[in-house]
Amino acid sequence: MLIHPSTGGVASTNSYLIIDEPSRQGVIFDAPDHTLDPLLLFAKSNRFDIIGLWLTHGHFDHIADHALVTGSFPAAKVLLHPLDVPKLADPGPQTRMFILPFKIPPRRPDQLVNDGDILNLGESEVHIIHTPGHSPGHVMYHFPKEKILVGGDLIICGAVGRTDLPDADEDQLIDSIQKVYRLCPDDTRLLPGHCSPTTLGEQRKSNPYVRSILAAE
């Protein structure tokens, strides 16, 4: 498993290109603005088959440059949870709310993902974990065999995702964090939407929000 990250955009958001090396298939996770060029160049120069853009949720900094991916790899399928489809189908409200210096083209996903779905990236299984709270349709992509978790904005930067945004829900976020720790072992590598990779175990020890949430379970 090859993981190639890139960070950028107005919110310093992470995107990840994950490659299943035996099959040479790859997926890009999330599409921040002004961030994807190194990933697309790496994929093209190595002749990887990019089969998808798999979105963790529909906030602007995770969907902004979706068209760059599908423009470079037309066969790539855009995946998103149904509850966040409105954000991708009509990005205008987010553009106005955050006074963005760019426009996000609207589109609909090619495929919906729901809790418990199992996807395939080459020889690897990827399990969908629905983790609402920061956004209603927030999901995490779990590679159980490889112990990798593409985490979006549920647990980030020694903290947790914002719940002061429209349609966020703090109680749901708490439930989601507890759910993730029930499903994934502590040595799972967490690839968050912001800041550096970590592990669930490290966050259990050092993240005061996670510690408090797990202690209350």
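Trainee: Is Cys 195 buried, partly exposed or exposed?

Mentor: This is a predicted model, and in it Cys 195 is partly exposed, with a relative accessible area of 40%. Cys 157 is partly exposed too, at 45%.

Trainee: What joins Cys 157 to Cys 195?

Mentor: A disulfide does, with an S to S distance of 1.8 Å. The structure holds 1 disulfide. The link of Cys 157 and Cys 195 is right-handed, with 90° about the S-S bond.

Trainee: And which parts does the pair tie together?

Mentor: Cys 157 sits in the loop between β11 (155–156) and β12 (159–160), while Cys 195 sits in the loop between β13 (189–192) and β14 (198–199), so the bond ties together parts that are 38 residues apart in sequence.

Trainee: Where does that leave Cys 184?

Mentor: Cys 184 is in no disulfide, and the nearest cysteine sulfur, that of Cys 157, is 19 Å away. Cys 184 is also buried, with a relative accessible area of 3%.

Trainee: Let's switch to helices. Which residues of α1 are buried?

Mentor: In α1 (residues 37–45), the buried ones are Leu 39, Leu 40 and Ala 43. Seen down the axis of α1, they fall within an arc of 95°, so they line one face of the helix. On the other side of α1, Asp 37, Leu 41 and Ser 45 are exposed.

Trainee: Why would residues a few places apart point the same way?

Mentor: An α-helix has 3.6 residues a turn, so residues three or four places apart point the same way.

Trainee: What covers the buried residues of α1?

Mentor: The cover includes β1 (2–8), β2 (13–20), β3 (25–29), β4 (49–54) and α3 (66–72).

Trainee: How do β3 and β4 pair?

Mentor: They pair in the parallel sense over 5 bridges. Ile 28 has Leu 53 in β4 as its bridge partner. β4 and β5 (77–80) are parallel as well, over 3 bridges, and there Leu 53 stands opposite Val 78 in β5.

Trainee: Which residues of the largest nonpolar core touch the most other members?

Mentor: That core has 25 residues, and the ones touching the most other members are Leu 17, Ile 28, Leu 36, Ile 50, Leu 53, Leu 55 and Ile 104. At least two residues of this core come from each of β2, α1, β4, α2 (60–63), β5 and α4 (85–89). α1 gives the most, with 3 residues.

Trainee: And what does Ile 104 touch?

Mentor: Leaving aside residues up to four places away in sequence, Ile 104 touches Phe 60, Ile 63, Ala 64, His 66 and Pro 91.

Terms used: Residues are numbered from 1 along each chain as its sequence is written. This is a predicted model: local features need pLDDT of at least 70, side-chain atom pairs count only at pLDDT 80 or more; totals for chains, interfaces and linings use all residues. Side-chain values use heavy atoms; hydrogens and water are left out. A disulfide is a pair of cysteine sulfur atoms within 2.5 Å. Helices (H or I, at least four residues) and strands (E, at least two) are DSSP runs, numbered from the N terminus. Buried means under 20% relative accessible area, exposed over 50%, partly exposed in between (1.4 Å probe, protein chains only). The arc is that of the directions from the helix axis to the C-beta atoms. Contact means heavy atoms within 4.5 Å. A nonpolar core is a set of buried Ala, Val, Leu, Ile, Met, Phe, Trp, Tyr and Cys residues joined through side-chain atoms within 4.5 Å. Two strands pair if DSSP finds at least two bridges between them.
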